[in-house]
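Good morning, colleagues. Please take a moment to look at the sequence and the structure on the screen.

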Amino acid sequence: MPKVIAVTSEKGGVGKSTLAVHLTGALSARGLLAALIDEDGRVGSSLRWSRRQEGGLGFEVLEPDDVKPKRVAGHDALILDTEGRPRRKELRQLAERADLLLLPSGVSALELEATRELLEFLDEAGAARHTRVVLTRVPPTGLAGEHAREDLREGGWTVCNTLVRHYAAYQKAAEAGVLCRDVRDPRAENAWHDILQLSREVL
């Protein structure tokens with residue numbers, strides 16, 4: 001059975017789809033069979049991303065109706081790009097379906113406060129043990145990411161070691177329909193390094 005990794009957030013602008021697309025790409029680059037399922041029917045960011053280039057991203061990006069047992073048999077991982085700002089009932093259902101919940105969060109005080117509230121809800125729902133925060137859009141310079149990670153850990157929450165730094169390469173990749181490693185940008189290699197490192201933490 002594939003490992004189901006859901007990327008979800010109650011706050012917009014934290015790079016949810018960017019993280020889902022690139023995590024699937026990194027797992028695939030490591031030789032694992034991974035597919036991305038775009039469950040955000042209203043926006044469909046991952047599907048739009050994958051259709052900007054003929055030939056796609058090098059891995060399958062599926063709609064929920066396309067996910068049949070035979071089609072995903074033998075996969076190592078299924079990455080779920082969930083609906084933006086899901087309702088609490090949907091979050092409970094998601095926690096039951098996923099082997100791992102990844103919560104992307106920025107490092108500002110407001111973003112971290114929203115993340116803590118979501119973590120508390122998931123804890124009450126019994127899902128904290130398979131939930132991890134991923135700090136995204138982290139300033140490439142300074143210690144904001146490190147401080148946010150330690151503050152969350154001091155609160156008892158599980159946070160990935162990898163800090164996904166904020167680089168223009170991700171935006172360029174989204175616009176071109178490719179992964180950040182494939183754009184012409186002086187920081188593209190750094191961006192891809194972060195994602196590869198994160199992929200090794202989760203699988």
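I begin with valine 134, which is located in strand β6. Please bear in mind throughout that this is a predicted model. Is valine 134 buried or exposed? Its relative accessibility is 0%, and since buried means under 20%, valine 134 counts as buried.

Which residues does valine 134 touch, once its neighbours within four places in sequence are left aside? The contacts are Leu19, Leu102, Leu103, Pro104, Ser105, Cys160, Val164 and Leu198. I would ask you to remember Leu19 and Leu198 from that list, as both names will return.

Arginine 149 is one of the buried residues of helix α6, residues 144-154; the others are Gly145, Ala148 and Leu152. These residues cover an arc of only 100 degrees around the axis, and therefore sit on the same side of α6. The buried residues of α6 pack against α5, residues 109-124, and against β6, residues 131-135. Just after α6 comes glycine 156, whose phi is positive, at about 95 degrees.

I turn now to a pair of helices. Two packed helices are described by the angle between their axes and the distance between the axes. For helix α1, residues 16-29, and helix α8, residues 188-202, the axes come within 9 Å and cross at roughly 75 degrees. Angles of 65 to 115 degrees count as roughly perpendicular, and α1 and α8 are therefore described in that way. On the α1 side, the contact is made by Leu19, His22, Leu23, Gly25, Ala26, Leu27 and Ala29. On the α8 side, Trp192, Ile195, Leu196, Leu198, Ser199 and Val202 take part. Sorted by class, this contact has 10 nonpolar and three polar residues, and no charged ones. Leu19 of α1 and Leu198 of α8 belong to this contact, and both also touch valine 134.

What does serine 17 touch, not counting residues up to four places away in sequence? The answer is Ser45, Ser46, Trp49 and Asp81. With aspartate 81, the side chain of serine 17 forms a polar contact of 2.7 Å, side chain to side chain.

Technical notes. Residues are numbered from 1 along each chain as its sequence is written. This is a predicted model: local features need pLDDT of at least 70, side-chain atom pairs count only at pLDDT 80 or more; totals for chains, interfaces and linings use all residues. Side-chain values use heavy atoms; hydrogens and water are left out. Axes are lines fitted to C-alpha atoms, for helices over the stretch in contact, and angles run from 0 to 180 degrees between N-to-C directions. Helices (H or I, at least four residues) and strands (E, at least two) are DSSP runs, numbered from the N terminus. Angles under 35 degrees count as roughly parallel, over 145 as roughly antiparallel, 65 to 115 as roughly perpendicular and the rest as oblique. Contact means heavy atoms within 4.5 Å. Ala, Val, Leu, Ile, Met, Phe, Trp, Tyr, Cys and Pro count as nonpolar, Asp, Glu, Lys and Arg as charged, and the others, Gly among them, as polar. A polar contact is a pair of N or O atoms within 3.5 Å; within protein, one must be able to donate a hydrogen and the other to accept it, and residues adjacent in sequence count only if both atoms are side-chain atoms. Buried means under 20% relative accessible area, exposed over 50%, partly exposed in between (1.4 Å probe, protein chains only). The arc is that of the directions from the helix axis to the C-beta atoms.
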